Amino acid sequence: MQGSNAGRADASPLTRARWRLTDAADTMLSALFPGRARRLTPYIFLIPAFLIVGVIVAGLFYIGDSSLRVLDRSTFLQSEDYSLENYVNIYERAGYRSVLFRTFSGTAIVTITVLLLSFPYAYLMVRTQSSFLRKFLLFNLFLPFFLGQVVRAYGWLIILGQEGLVNGILGQLGLANISVLYTNTAVLIGLIQYMLPFGVLMLAPALTAIDSDIEAASEGLGAKWYQTLWHVVLPLAKPGFVAATVVVFTITLTEFAIPAILGGGTNDYVANAIYDAFFRVSDMGAGSALGVVLIVIGTTLVSVLFALMGTGTVGFLKEDK
Amino acid sequence: MFRAAPFRIAVWSVVVFNIIFLGLPTVVIVLASFTAGDLLTFPPEGFSLRWYERLLGMRDFREALGRSLQVALFCTLFAMPSGTLAALAMVRYRIRFARTLQLYFLLPFTVPLVVSGIGMMYVFGDMRVLGSLWPVGLATCAINLPFMIWSVSSAVNRLDPDLENAAANCGATPLQAFFTVTIPALMPGIITGALLMFILALNEFIVSIFLVDASIVTLPVWMYTSIRNIITPDLAAVSVVYILFAIVSIFALDRWVGLDIFLKSK
Amino acid sequence: MSIKDPRLSKLVMPRRRFLTSAAALGVASMGAGAFPRLAFGQDEPEKPAEIIVRAWGGVWMESLAEGVSKPFEEATGIRVRHDLTEDNEMQPRIWAAVAQNRTPPIHVNWDTSTNATQSALRGVCDTLTPDMVPNLEGLLPAAQPTGFDGAFPIVNCYSYVYVLAYRDEAFPDGPPESWDVMLDPRFRGRVALYNDGIGFEPVSVVMGGGSMDDIPDNMEPAWEFYRQLREQQPLLGEDPDFTNWFQRGEIDVACTIISNARAAKQAGIPVSWTVPREGAKYDTDALWVPAGLPDNEAYWAKQYVNAALAPENMENWCSMLGLPPLRAGLEGPEDLVGDPAYPTTEEDFARLLNIPTPILVEHQSDWFAQFRDIMQS
């Protein structure tokens with residue numbers, strides 16, 4: 001590691017140069033931020049990330065602005081004046097209401113299922129004594145990431161189609177075909193598979209932090225496994241569950257590709273409706289308004305979760321540990 | 001707890017289900033890519049490498065792949081310093097408006113990608129930088145940055161503050177301590193986060209669609225726009241190329257960091 | 001798949017007369033007087049290394065590449081790159097580029113006439129003039145966009161019919177005679193439409209008990225028909241999805257453009273098409289050059305449009321698509337002679353349904369939104 005040569009007289013010229021550079025930078029820093037100004041350090045540290053996310057936020061100004069303008073169908077330009085018409089429209093259109101309902105209920109189902117499926121996987125990955133098994137489980141987790149959503153969705157097309165793998169097997173067994181593809185069920189299957197690795201990755205660090213001795217102690221005091229699970233492990237793993245919930249919930253809520261490919265066109269989620277407003281209806285105002293509504297609802301729900309459950313491992317400070 | 005048979009059985013059944021559930025589309029796509037037929041089917045019709053030959057012969061594919069690697073590299077280079085500093089700031093210091101900042105840093109996930117993409121098209125358009133690859137890298141970094149921050153955060157949580165204090169006691173200046181003690185100790189988190197950012201950028205297409213044109217098209221956009229039109233087995237062959245990347249990077253990660261460094265419990 | 005099939009190429013590319021095409025291009029650059037020096041073949045605006053043409057995928061791109069881009073490349077040495085971004089996704093990108101005074105992302109847009117007219121109304125089209133695009137001469141009247149006082153901000157190139165395509169196996173007793181087959185319980189979950197309902201409006205109005213006179217003021221019959229259709233759990237997709245779904249046995253009937261059905265058939269998928277007794281909608285597609293290109297690139301983009309309108313190229317391009325070009329005297333593909341979905345005479349067109357472009361431009365977005373609303377409920 002870098003620092004191990006420190007203090008050795010025979011350090012290379014390059015290393016010496018680096019020391020001098022560091023020294024100079026240090027002198028500069030203490031000149032710029034003497035004493036009390038050190039309090040600014042965390043804020044300075046946050047600047048680059050703040051600016052990068054700021055690119056999205058800057059874009060939201062354009063989106064917010066156009067959500068308040070109405071499309072003029074004779075020039076296909078947006079109106080000069082502001083109005084709330086696009087928002088009223090969302091409330092009034094039955095199609096938007098059912099898309100919003102489908103999205104939120106689907107997101108809830110996906111989040112709960114992913115949490116249930118993630119816990120055992122993360123637990124085994126963390127607790128197993130076998131290094132090989134741990135690596136295998138991790139590998140199996142990372143691999144689908146590389147495949148991307150589109151390709152994975154096409155994998156499901158092959159598996160679930162009328163003449164696909166599942167129906168092929170059912171046919172061999174003399175059973176009736178299933179028609180799952182292009183239904184909301186297919187979308188849910190695709191979403192759960194897509195989100196599962198995210199869930200496990202968010203949950204695992206929290207489980208790692210739980211000392212296995214605590215479990216042993218609980219059982220040593222006569223607790224059954226389910227008592228240990230319910231009263232010891234799950235409460236200690238709460239920050240991980242909060243983190244996994246936030247990630248799975250927010251990403252699923254705004255998901256586009258999987259409902260588009262597996263839903264057959266009649267099982268849209270909000271992101272698909274936004275896409276349609278932008279592109280098929282050429283109405284940027286309508287799409288923007290729907291986007292703003294989704295962002296506001298999503299952010300509000302996350303802040304409620306934070307208020308109720310703490311911020312988990314996605315939060316600032318060690319307050320939740 | 002894990003010694004109890006019912007728990008063990010329950011855990012293993014779910015894990016086996018998960019392994020199949022996670023792996024099935026991958027296996028199907030990989031096998032289908034070797035088909036000798038014209039259609040993406042399972043089981044594949046015969047065995048051939050014709051779709052790979054076709055793919056490698058395509059200039060568009062090679063160029064798009066090269067651009068995607070550049071985008072992923074830009075993304076990772078933006079993400080590593082910004083994510084590391086942000087994670088340190090979050091975990092190490094008490095910050096005002098922490099709750100609001102938390103929600104701010106979740107915006108990449110709460111804003112639908114279609115909306116981020118169109119917004120960024122206008123932002124970069126006003127900045128007159130559309131047509132280069134680095135804005136695409138910056139955009140893919142912005143939409144996935146929370147993953148980088150969290151990967152490093154969990155490493156910061158693990159980091160013993162006494163290490164830095166010891167360095168300071170031995171006469172290290174703050175910057176020396178930062179570069180010789182803090183950063184190396186956070187390396188596993190930084191590398192894991194970087195790998196995740198790299199992968200996600202390599203596969204990103206929804207935001208990228210708005211930021212590239214045909215002369216700088218990236219691989220996922222090229223796949224989404226051209227191959228989605230006629231679903232031939234080259235789509236599957238591209239995926240296998242991605243999987244090769246996956247295996248190489250995961251192997252590299254294991255060598256450099258040790259895959260299980262985080263997850264081994266005490 | 002389909003278009004890589006050598007049988008198909010033979011069938012739809014009867015003759016290749018690139019030399020003549022090149023000659024046509026030569027004529028093109030000798031426009032009438034506006035660029036006198038060009039007549040000597042010198043001092044042409046500087047050639048870009050490549051131009052980008054937006055196209056639809058599958059048979060659409062292949063036909064354009066073979067019929068137009070290839071002769072253009074051979075005549076000019078400019079590489080043509082096809083951008084397969086959906087027309088709907090491309091539109092806001094061009095609009096944003098023009099609004100921000102940026103160079104648009106493509107040189108030539110191949111677009112539905114309705115979308116193209118929207119862009120023309122918004123003022124993002126670089127007008128085509130006969131001195132720059134001499135092949136505008138001699139086109140049929142329908143090539144001219146309505147509402148622009150004889151100017152050509154866009155040029156319509158061919159017409160096409162949204163046919164009822166069906167899987168042969170599902171109809172052993174001959175083709176379905178009415179669109180009401182879409183409501184047949186046998187085909188529940190096996191019916192497909194475009195995902196914005198495009199191409200179906202006049203049919204849906206008629207099927208819902210209305211008449212052509214109801215358009216656009218009383219669309220309720222159409223919505224009623226859509227509500228019945230919704231119960232059938234239709235699949236909604238884009239051009240390539242139809243071929244794909246027929247191939248995988250996912251659907252039995254679809255309302256799609258004849259070119260998609262024909263490409264599927266030529267690729268060996270047992271699919272046919274018909275124009276039911278209620279008729280079927282026909283429409284046109286257009287080419288246009290976005291405003292805001294550097295002068296030399298705009299020049300060559302217009303030369304590309306000119307090449308597409310050259311009789312020889314137009315014939316090859318449209319034959320491969322199986323669509324009647326908007327220029328008289330061109331030969332059509334043999335397999336479509338007498339096909340009601342390949343209209344060439346007044347009588348042929350009279351059997352079909354058409355909604356004038358200005359009405360589509362004004363109302364189609366609302367219809368799309370209404371269609372979505374019903375299908376998502």
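The views below are all taken from a predicted model.

**View 1. Gln233(C), a residue other than glycine with a positive phi.** The phi angle of Gln233(C) is about 50 degrees, although the residue is not a glycine. Gln233(C) is placed in the loop between H7 and S7 of chain C. Because 17 C-beta neighbours lie inside 10 Å of it, Gln233(C) counts as partly exposed.

**View 2. Asn101(C), in the loop between helix H4 and strand S3 of chain C.** Here H4 covers residues 87-99 and S3 covers residues 108-112, with Asn101(C) in the loop that lies between them. The phi angle of Asn101(C) is near 55 degrees, which is a positive value in a residue other than glycine. Asn101(C) is classed as exposed, because it has 10 other C-beta atoms within 10 Å.

**View 3. The cis peptide bond between Ile215(C) and Pro216(C).** The bond that joins Ile215(C) and Pro216(C) is cis, and its omega is about 5 degrees. Pro216(C) belongs to the loop between helix H6 (201-207) and helix H7 (220-230) of chain C.

**View 4. Strand S6 of chain C with its parallel partners S7(C) and S8(C).** Strand S6 (residues 191-194) of chain C runs parallel to strand S8 (residues 253-257) of chain C, and 2 bridges join the two strands. Within this pairing, Val191(C) stands opposite Val253(C) of S8(C). S6(C) also pairs in the parallel sense with strand S7 (residues 235-237) of chain C, in this case over 3 bridges. The bridge partner of Ala192(C) in S7(C) is Leu235(C).

**View 5. Packing of helix H8 against helix H9 in chain C.** Helix H8 (residues 239-247) of chain C and helix H9 (residues 258-266) of chain C pack at an angle of about 35 degrees, and their axes are 9 Å apart. The crossing of H8(C) and H9(C) is right-handed. From H8(C), the residues Asp239(C), Phe242(C), Thr243(C) and Phe246(C) meet Asn260(C), Ala263(C) and Ala264(C) of H9(C). Sorted by class, the contact of these two helices has 4 nonpolar, 2 polar and 1 charged residues.

**View 6. The contact between chain B and chain A.** This contact takes 97 residues from chain B and 94 residues from chain A. Several helices of chain B each supply at least two residues of the side that touches chain A, among them helix H1 (5-32), helix H3 (59-92), helix H8 (174-203) and helix H11 (234-256). The largest share of that side, 17 residues, comes from H1(B). The residues of the side of chain B that touches chain A divide into 74 nonpolar, 18 polar and 5 charged.

**View 7. The contact between chain A and chain C.** Chain A and chain C contribute 27 residues each to this contact. On the side of chain A that touches chain C, helix H4 (94-127) and helix H12 (270-279) of chain A each supply at least two residues. The largest share of this side, 4 residues, comes from H4(A). By class, the side of chain A that touches chain C has 9 nonpolar, 11 polar and 7 charged residues.

Note on methods:
Residues numbered from 1 in each chain as written. Chains lettered and ligands numbered in written order. Predicted model: local features only at pLDDT ≥ 70, side-chain atom pairs only at ≥ 80, totals over all residues. Axes fitted to C-alpha atoms, helices over the stretch in contact; angles between N-to-C directions. Left-handed = near helix turned anticlockwise from the far one by under 90°. Contact = placed C-beta atoms within 7 Å. Nonpolar A, V, L, I, M, F, W, Y, C, P; charged D, E, K, R; others polar. Pairing = 2+ DSSP bridges. Buried ≥ 20, exposed ≤ 12 C-beta atoms within 10 Å, placed from the backbone.
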